[in-house]
Amino acid sequence: MNLGFSIPKEGALDLLSLGALVNRLDPGIIPFRKAHTLAIHVSGGEFNVAANLSDGFGMRTGVATAMVNYPIGDLIAERVRAMGVKPYYKHFVHDGTRGPNMATVYSDQGLGVRAPVVFYNRCNEAAAMLKPGDFDWKEIFSQGVRWFHSGGIFSALSETTSELLIEALKEAKRQGVICSFDLNYREKLWKSVGGMERAHKVLGAIADHVDVLVGNEEDLQKGLGFKGPDVHSSSKLDTGVFLSMIEQVVAKHPNVKVVATTLREVHSTNHHSWSAVAWVNGKAVHAPTTELSVHDRVGGGDGFAAGFIYGLLSGEAPEEAIKLGWAHGALMTTFPGDTTMATVEQVKAFASGGSARIQR
């Protein structure tokens, strides 16, 4: 199938992400108000994709981001190295009291009828201070980058983060790099910086420069302002709602050739029905539907994006790429934390119809 764009066949990096690194504190199934112990996961929607592609799929990836020179920064930088991701850091010095800080995300896992709860401390966050001119994009992309990726979480952090992203996108396009963007609409983040109205303006300007959009019908409505049916009134596995909105997307953003999303019906915190769909240059491709026993749902969407991008970067047909994204996203829900513990062999086996029978 014709994707509508050509992916560079070679490059020093298969993918470069731009985003914020965070530490996620996880008390497991215990609500924070009763927690005594916490696991620390290094995360960031944009970083997760680069980490997954590197550690799980064996690709060469990098991340452009802010790094604060203090122990929390050291912890995060160690995990970036452990995932095999090449860092491009803008360094900040912590003043010992107020910051700048690496952001913290608080996220319990919930259980059964009790949903997970997510909240943030992004006060005086270093990543929100990133601005145009902080990275030499011409030099970075000239080294050879096949794919550039970012997302709506980073874009919501400040006025300058979205300006920095557009600066990067313009240089990436000048150098023939394929660009993707995960809308990742988060109401709590946008509410503090102008709400849905500002999201429409910022995300719309970004969408003008990308080839691939990741986002469901709610992202398209709340993030980009497109009209559609009530997202709560139909089955979350119904692809018709999502596909019916694509005509609006490509009419306003004709540069967009691929729009992909996961489909998730939440029966309980630990039981989800899971599928995926993509519109690829005029044609819909679908993943199967499976039932998930969920350990930790955080990172599933980034897992899907990584698997889908891996498929396209590897020259797979979109019909295969959507299954790879679906399979990796499904496997992600079986691991603690935000980044992958799967191998490419496990992903391919599940995508081709594998089962949970013991592997001896």
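Residues are classed by relative accessible area: buried means under 20%, exposed over 50%, and partly exposed in between (1.4 Å probe, protein chains only). The model is predicted, so local features need pLDDT of at least 70 and side-chain atom pairs count only at pLDDT 80 or more, while totals for chains, interfaces and linings use all residues. Residues are numbered from 1 along each chain as its sequence is written, and side-chain values use heavy atoms, with hydrogens and water left out.

A salt bridge is taken as a side-chain nitrogen of Lys or Arg within 4 Å of a carboxyl oxygen of Asp or Glu. The whole structure holds 14 salt bridges. One of them joins arginine 24 to aspartate 338, at 2.7 Å from N to O. This pair links distant parts of the chain, 314 residues apart. Arginine 24 sits in strand β2, and aspartate 338 in the loop between α12 (318-332) and α13 (344-351). Helices (H or I, at least four residues) and strands (E, at least two) are DSSP runs, numbered from the N terminus. Arginine 24 has a relative accessible area of 2% and is therefore buried. Aspartate 338, at 3%, is also buried.

Glutamate 125 and arginine 122 form another salt bridge, at 2.9 Å from N to O. Both residues are buried.

In the salt bridge between glutamate 218 and lysine 222, the closest N and O atoms are 3.0 Å apart. Both residues belong to helix α8 (residues 217-224). They are four residues apart, about one turn of the helix. An α-helix has 3.6 residues a turn, so residues three or four places apart point the same way. Glutamate 218 is partly exposed at 26% relative accessible area. Lysine 222 is partly exposed at 23%. Elsewhere, salt bridges with shared partners join Asp14, Arg60 and Arg146 into one network.

Helix α13 has Val344, Val347 and Ala351 among its buried residues. Viewed down the helix axis, the buried residues of α13 fall within an arc of 60 degrees, so they line one face. The arc is that of the directions from the axis to the C-beta atoms. Cover for these residues includes α11 (300-313) and α12, where contact means heavy atoms within 4.5 Å. Just after α13, glycine 353 adopts a positive phi of about 105 degrees.

Ile29, Ile30 and Leu111 make a nonpolar surface patch of about 240 Å². Patches are made of residues with over 30% relative accessible area and no salt bridge; like charges are joined within 9 Å, and nonpolar side chains (Val, Leu, Ile, Met, Phe, Trp, Tyr) within 5 Å. Accessible areas come from the Shrake-Rupley method with a 1.4 Å probe; for residues, only the protein chains shown count as cover. Isoleucine 30 lies in the loop between β2 (22-26) and β3 (39-43). At 37% relative accessibility, isoleucine 30 is partly exposed.
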